[in-house]
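The following paragraphs lead the reader through selected features of the structure shown below.

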Amino acid sequence: MRTHTLPSPTRVRNLGILAHVDAGKTTVTERFLYLTGATHKQGEVHDGTTVTDFDPQERDRGITIFAAAVSCDWDGHRVNLIDTPGHVDFSDEVERALRVLDGAVAVFDAVAGVEPQSETVWRQADRHGVPRIAFVNKLDRAGADLDTAVESIRTRLHTVPLVVQLPIGREDGFTGVVDLVRLRALVWDGDGGPYAEGPVPEDLLDEVRRRRRRLEETVAELHPTALEEFCERSALGEETLVSALRDLTRDGEAVVVLCGSAYRNRGIEPLLDAVVAYLPAPPDVPPVRGTLDGVTQERAADPDEPFTALVFKVNSTATGRMTYLRVYAGTLRKGDTVLDATARRTERVGRILRVQADRNTEVDEARAGDIVAVVGPKTARAGATLCAPGAPLVLEPPSTAAPVVSVAVEARRSLDTDRLATALARLTEEDPSLVVRTDPETGQTVLSGLGELHLEVAVEKIRRAQGLDVTVGRPQVAYRETVSRGVSGLLYRHVKQDGGAGQFAHVVIDVAPLEEAVDGDFVFASTVTGGRVPQEYVRAVEAGCRDALAEGPLGGHPVTGVRVTLTDGATHTKDSSEMAFRTAGRFALREALRASAMTLLEPVAEVTVTVPDSAVGTVLGDLAARRGRVSDSTTRSGTAVVTATVPLAELFGYASRLRSRTQGRGTFTSRPTGYAPAPAASSG
């Protein structure tokens with residue numbers, strides 16, 4: 001076992017790599033690992049050789065699906081890094097990662113600038129108050145332009161970009177950058193080796209002076225100390241500028257912008273330097289807050305505080321269950337017993353691992369500010385708080401997005417049904433944004449998630465990991481039937497004589513629709529007078545009618561919104577019984593429903609769609625094609641919010657359709673609101 005000297009919390013950086021899919025997040029991560037000596041060979045996404053995209057599906061698809069944690073060392077600092085997914089279907093992985101990070105590097109494509117998912121992850125980081133620096137990547141591509149990308153950051157993300165570098169060369173001729181803080185040129189050769197430092201090229205001197213002046217003026221406007229120096233000297237010294245950039249980054253008032261080409265190994269070392277210089281260490285962020293019996297407590301990032309950690313990821317591997325932790329306070333040692341404050345049970349930590357995606361190194365302890373994986377806890381789930389048994393505290397868990405797409409799954413062989421149930425339980429344990437339920441009416445196992453790709457990946461994971469042959473189908477919508485026009489005076493005689501005591505029950509019922517029928521509504525009343533039907537037999541008739549509601553005449557769907565009135569009946573002194581009247585009630589209502597005008601009801605949901613104002617027409621047309629009824633539409637700050645009632649059956653596939661029609665910028669939420677008549681589906 002290798003031993004590692006643990007750095008103090010002030011020399012730790014916990015950061016994530018955030019971006020739109022294909023902006024170059026994973027390549028930036030791979031270059032970090034290579035330049036810091038954590039790996040000895042550069043992984044490439046297109047070759048399927050990256051460290052962080054180690055899952056077979058990630059390598060097959062060429063995208064990041066699961067957030068992967070890695071550790072490396074740079075300039076005497078420990079950098080704990082999480083490479084997050086860029087596809088919107090996996091935004092919950094980003095949410096859980098941001099909950100435990102102190103900073104982030106937002107990667108942007110120098111050609112495309114801010115892309116739709118860039119906005120989404122940026123808003124997520126805003127919500128968590130995570131300081132960021134920006135890296136404009138792919139400056140070697142045709143059409144790459146730093147200034148255009150920076151302007152998109154300013155206008156679409158509503159932040160103040162502080163550009164601290166100027167590219168040397170354009171597109172294929174991009175060879176290096178000018179450091180506007182230290183006024184030096186950094187040039188990389190063609191073989192991906194280290195940069196050569198030199199003076200600013202003569203042909204760029206005037207442009208460098210203009211950009212340095214613009215940087216100083218912007219910083220002075222935002223930072224009081226820098227403003228004082230700028231007013232006195234009409235310039236900012238390097239030390240003041242660096243200090244101000246650090247403060248503005250950590251306070252979230254501005255974003256330092258660097259540039260380069262990760263694929264060609266240009267600009268990565270300065271980016272690592274910026275991570276260390278500008279992003280906060282664990283002690284720089286406010287103490288973590290938790291509750292105990294309703295009382296809020298704080299714990300600082302101090303190894304001597306009581307141990308406090310948050311579980312942000314659980315992964316079942318061939319060698320056991322790995323639980324990923326962010327240690328907020330205290331020290332965790334191998335063999336310690338910790339309290340799962342969320343579940344109120346103790347767990348033993350058998351091993352502590354310094355994680356390198358799918359590889360790891362065992363260590364003896366983890367301190368405040370560290371991100372590690374542990375082996376030993378059996379039941380701790382994502383969002384659980386692990387803490388010292390003598391000092392319990394419950395931290396706020398990461399939020400989980402509500403699923404928007406569902407599919408029915410079943411094992412092709414009935415013998416594999418139990419194995420499928422176990423595999424699905426493990427899936428939901430690893431990914432809390434997946435929900436598994438059994439439809440009580442159809443009996444189907446329904447898997448719900450954040451998008452069709454999300455579900456496709458989940459099902460494929462079961463197939464590959466468990467060797468199960470799984471079929472995936474469209475979930476059956478749970479229809480209902482109701483009475484639109486009833487019948488009166490329906491007489492049913494139940495007479496049965498087969499030796500011994502017989503069965504005798506006569507009932508007369510009226511059937512009518514309920515006004516403002518609600519799912520599950522059924523009203524039974526009796527107007528029988530003179531004791532013609534004793535009370536115990538009246539209750540039996542009601543029970544029989546409830547039995548008949550299980551299957552309607554249109555398609556065997558449950559019946560709702562019905563009023564049944566028992567108006568008359570007759571008994572026999574010997575042969576009448578509760579069983580006879582229950583049977584009579586059941587068959588009487590079945591006949592009455594067949595004679596009534598029936599309407600098929602389908603489940604509907606209220607859908608709230610948020611899209612750019614320019615896409616409203618497209619969205620309204622698509623909702624109309626899905627038989628949606630728009631109830632409200634508002635516009636504010638270039639964003640439109642459309643509310644509509646849409647049949648649940650029409651929502652399948654809507655998430656992907658909406659994203660494709662709005663370039664990924666449209667989002668929607670839905671909530672079931674009951675049932676409405678299905679078109680051209682009635683009888684009678």
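At what angle do helix H1 and helix H9 pack, and how far apart are their axes? In this predicted model, helix H1, comprising residues 25–35, packs against helix H9, comprising residues 268–278, at an angle of about 85°, and their axes are 10 Å apart. Because angles of 65 to 115 degrees count as roughly perpendicular, H1 is described as roughly perpendicular to H9. On the H1 side, the contact is formed by Val 28, Arg 31, Phe 32 and Leu 35, which meet Ile 268, Glu 269, Leu 271 and Leu 272 of H9. By residue class, this contact of H1 with H9 comprises 6 nonpolar and 2 charged residues, with no polar ones.

A strand residue may be considered next. Val 363 belongs to strand S20, which spans residues 359–363. Its relative accessible area is 4%; since buried means under 20%, Val 363 is classed as buried. Val 363 and Lys 334 are separated by 29 residues in sequence, and their C-alpha atoms lie 8.0 Å apart in space.

The discussion now turns to helix H14. This helix covers residues 616–625, and its buried residues include Val 616, Val 619, Asp 622 and Leu 623. Viewed down the axis of H14, the buried residues fall within an arc of 130°, and therefore they line one face of the helix. Gly 617, Ala 624 and Ala 625 are exposed and are carried on the face of H14 turned away from its buried side. Just after H14, Arg 627 adopts a positive phi of about 65°.

How values were computed:
Residues are numbered from 1 along each chain as its sequence is written. This is a predicted model: local features need pLDDT of at least 70, side-chain atom pairs count only at pLDDT 80 or more; totals for chains, interfaces and linings use all residues. Side-chain values use heavy atoms; hydrogens and water are left out. Axes are lines fitted to C-alpha atoms, for helices over the stretch in contact, and angles run from 0 to 180 degrees between N-to-C directions. Helices (H or I, at least four residues) and strands (E, at least two) are DSSP runs, numbered from the N terminus. Angles under 35 degrees count as roughly parallel, over 145 as roughly antiparallel, 65 to 115 as roughly perpendicular and the rest as oblique. Contact means heavy atoms within 4.5 Å. Ala, Val, Leu, Ile, Met, Phe, Trp, Tyr, Cys and Pro count as nonpolar, Asp, Glu, Lys and Arg as charged, and the others, Gly among them, as polar. Buried means under 20% relative accessible area, exposed over 50%, partly exposed in between (1.4 Å probe, protein chains only). The arc is that of the directions from the helix axis to the C-beta atoms.
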